[in-house]
Amino acid sequence: MISGLAMHGLPGMALELFSIMAHEGFARDDIIFVSLLSACNHGAFGLISTKLGTMINIVKNLRVCVNCHSATKLISKIFNRGIIARDRNPSHHFRDGRCLCNDYW
């Protein structure tokens, strides 16, 4: 369902659904996290195609939105991965559920 919302341009609803699922105790697996990344147009392929511990680099031609920023922080914490998202503004470096921009950009 998260993936369907993402494919139809509804990333906010996809993130809201994920939040409800987490609150209700639904099991979360790799497929759900990849769908969550897809909802924000991030490099989900990098998450599933690289070895654990590998830094993931994402390059976007648009600014990272607030929802994408929050989702990427969450994914960096859950998957214990460093993620660098480069957009038109300075890069965002995510690690352990935090971003070096301190949520200010």
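**Exercise 1. Find how confident the predictor is in this protein, and where confidence is lowest and highest.**

Step 1: The protein averages a pLDDT (the predictor's confidence in each residue, from 0 to 100) of 77, and 78% of the residues score at least 70.

Step 2: This is a predicted model, where local features need pLDDT of at least 70 and side-chain atom pairs count only at pLDDT 80 or more, while totals for chains, interfaces and linings use all residues. Residues are numbered from 1 along each chain as its sequence is written, and side-chain values use heavy atoms, leaving out hydrogens and water.

Step 3: Now go element by element, with helices (H or I, at least four residues) and strands (E, at least two) taken as DSSP runs numbered from the N terminus. Helix H4 (residues 44–49) has the lowest confidence, a mean of 63, and strand E4 (residues 98–99) has the highest, at 93.

**Exercise 2. Work out how strand E2 pairs with E1 and E3.**

Step 1: E1 (residues 56–59) and E2 (residues 83–86) run parallel over four bridges; pairing takes at least two DSSP bridges. Here Val59 stands opposite Arg86 in E2.

Step 2: E2 also pairs with E3 (residues 92–95), antiparallel over three bridges, with Ile84 opposite His93 in E3.

Step 3: E2 and E3 make a hairpin, with five residues between them.
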